[in-house]
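Okay, thanks for coming, everyone. Let me put the model up on the screen, and then I'll walk you through it.

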Amino acid sequence: MFMKTTLAATTAALTIMGTASFAGPQAEVLHYWTSGGEAKSVAVLQKEFADNGGTWTDMPVAGGGGDAAMTALRARVLSGNAPTAVQLKGPAIQEWYEEGVLADISSVAEANGWADVLPANIASHMKCEGTWCAAPVNVHRVDWIWASADILKANGIALPTTWDEFNAAADKLQAAGITPLAHGGQSWQDATVFEAVALGIGGADFYKKAFVELDDATLTSDTMVAVFDQMRKMRGYVDPNFSGRDWNLATAMVMNGEAAFQIMGDWAKGEFMAAGKVPGEDFLCISTPGDGFLYNVDSFAMFDVDGADKKAGQDLLAKLVVGKTFQKTFNLNKGSIPARTDVDLADFDSCAHLSASDMAASNDNGSLLPSYAHGMALRGAQSGAITDVVTAHFNSDMSSADAVAMLSKAIKNSM
Ligand code: BGC
């Protein structure tokens with residue numbers, strides 16, 4: 001009798017302890033969404049996670065484009081203390097998978113029918129040897145021009161549809177004492193402008209051969225020389241204080257009427273919207289001159305961690321970010337469009353509609369291309385090699401011919 005009671009009591013105590021040690025779904029999330037628009041977007045996710053019983057530990061690492069965040073991630077993984085979830089994208093997902101540190105989220109993907117609601121090319125970025133290893137939240141377009149409606153109107157300038165028109169508009173503005181191009185001299189921002197110029201001047205096949213296939217003949221072609229020539233012009237259109245400026249401060253220059261244009265992905269639109277600006281009235285959007293669409297899909301990868309609460313957190317987070325409600329609310333704030341194909345875009349603005357229709361058209365004609373500057377096309381060593389050359393050229397008087405020769409050499413050395 002005594003034994004029985006004790007055993008029952010022990011079992012009960014263990015059960016209680018077991019329950020107590022499961023603190024509910026937990027997620028420590030490493031991300032680099034720290035600007036005004038980005039912070040509003042990530043708050044949507046934090047709220048949804050909490051509403052569903054999760055506890056979120058925030059690990060924001062400031063720095064546009066995520067370079068600093070990736071350095072922080074490497075340090076955490078090397079010290080054997082990976083975060084539960086990380087804002088990670090493109091081939092970097094597969095690179096981490098190959099290091100054996102990613103969790104398999106296939107059961108969540110299958111239970112929620114991701115294969116039925118995600119376009120095939122987006123889904124392919126989220127897979128590692130057939131298993132699901134990341135969850136997509138959006139599609140950002142990179143090749144955009146954001147313009148100050150007031151400045152264009154006051155100077156009788158229309159949105160440029162060719163690079164010649166862009167240069168003519170910029171020359172006119174400069175002559176009137178207005179900074180044509182708001183830019184932040186950080187290498188990833190230089191690369192952002194460069195890939196838009198390359199797509200516009202070279203076209204989709206050129207872009208693909210150069211930045212997806214790393215074809216040497218294309219990297220050293222006359223067309224690439226022309227791309228660097230245009231980059232030299234762009235350098236002439238920025239203000240003297242461009243060096244090191246954060247991208248959102250460049251967006252603020254357009255917002256405040258201190259510069260006419262910014263070439264940046266549509267996270268810049270998130271910034272305008274967070275400041276209450278209205279597309280078509282306060283600011284204008286148009287794709288950079290030329291055909292094609294450079295996509296940049298943000299996603300979360302889950303790292304291998306111990307503990308039922310953390311694993312439950314990963315499952316919950318993965319389920320929520322691909323969920324229909326989240327994809328709508330998050331992307332309304334972030335400036336991007338949903339990764340899912342079944343989200344109603346009625347509440348989205350005109351720039352988002354343009355993005356969605358251009359993306360569909362580019363998908364049909366083979367000009368839907370991964371952004372190299374935002375880590376969608378190449379592994380880190382190769383994209384880094386290209387960006388180093390782009391930045392070295394932008395910040396010196398290097399000739400286009402020398403830049404092209406350096407590009408070819410840098411790629412060979414990176415292999
Ligand atoms: C990311 C965006 C982010 C932007 C600025 C891009 O590479 O995909 O989500 O807003 O960088 O940090």
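I'll start with the ground rules, then go through the ligand, the strands and a few single residues.

Keep in mind that this is a predicted model, so to speak with two thresholds: local features need pLDDT of at least 70, side-chain atom pairs count only at pLDDT 80 or more, and totals for chains, interfaces and linings use all residues. Residues are numbered from 1 along each chain as its sequence is written, and side-chain values use heavy atoms, with hydrogens and water left out.

Which residues come closest to the ligand? There are 14 residues around it, and the closest are Glu38, Lys89, Asp298, Lys334 and His374; a residue is near a molecule if one of its heavy atoms lies within 4 Å of it. Three of those give us polar distances to look at. Glutamate 38 has a polar side-chain atom 2.4 Å from a ligand oxygen. For lysine 89, a polar side-chain atom is 2.7 Å from an oxygen atom of the ligand, and for lysine 334 that distance is also 2.7 Å. On its own the ligand exposes 310 Å², and the protein buries 100% of that; those areas are Shrake-Rupley values with a 1.4 Å probe, and for residues only the protein chains shown count as cover.

And where does the ligand sit? In the largest cavity. By cavity I mean, on a 1 Å grid over the protein atoms alone, a set of points where a 1.4 Å probe fits but cannot get out. Sitting in one takes more than half of the molecule's atoms within 2 Å of the grid points.

Now the strands, and two definitions to go with them. Helices (H or I, at least four residues) and strands (E, at least two) are DSSP runs, numbered from the N terminus. Two strands pair if DSSP finds at least two bridges between them.

Look at S13, residues 299–302. Ser299 and Ala301 point one way, Phe300 and Met302 the other, and all are buried. Buried is under 20% relative accessible area, exposed is over 50%, and partly exposed is in between, with a 1.4 Å probe and protein chains only. S13 pairs with strand S3, residues 85–87, antiparallel over three bridges, and there glutamine 87 has phenylalanine 300 as its bridge partner. S13 also runs antiparallel to S6, residues 135–136, with two bridges joining them. In that pairing, phenylalanine 300 stands opposite alanine 135.

Alanine 135 and lysine 319 are 184 residues apart in sequence, yet 8.3 Å apart in space, C-alpha to C-alpha.

Next, S10, residues 259–263. That strand is mostly covered, with five of its five residues buried. Strand S8 (residues 144–148) pairs with S10 in the antiparallel sense over three bridges, and isoleucine 145 is partnered with isoleucine 263. Strand S9 (residues 179–181) runs parallel to S10, joined by two bridges, with threonine 179 partnered to alanine 259.

There's also an open sheet of three strands, in the order S7-S12-S14, with mixed pairing. Its edge strands are S7 (140–141) and S14 (368–370), each pairing on one side only. S12 (residues 293–296) runs parallel to S14 over three bridges, and phenylalanine 293 stands opposite leucine 368.

Last bit: backbone angles. Most residues other than glycine have a negative phi. Glutamate 129 has a positive phi of about 45° and is not a glycine. It's in the loop between strand S4 (127–128) and strand S5 (131–132). Is glutamate 129 buried or exposed? Exposed, because its relative accessibility is 72%.

Leucine 214 has a positive phi as well, about 55°, and is not a glycine either. That residue is in the loop between helix H10 (187–211) and helix H11 (216–219). Leucine 214 counts as buried, at a relative accessible area of 12%.

Serine 106 is buried, at 10% relative accessibility, and its side chain reaches the backbone nitrogen of tryptophan 132 at 3.0 Å. That's it from me.

How values were computed: Polar contact = N/O pair within 3.5 Å; in protein donor to acceptor, adjacent residues only side chain to side chain. 1 Å grid on protein atoms, 1.4 Å probe; cavity = no way out; pocket = protein on both sides within 12 Å on 5 of 7 lines; lining within 4 Å.
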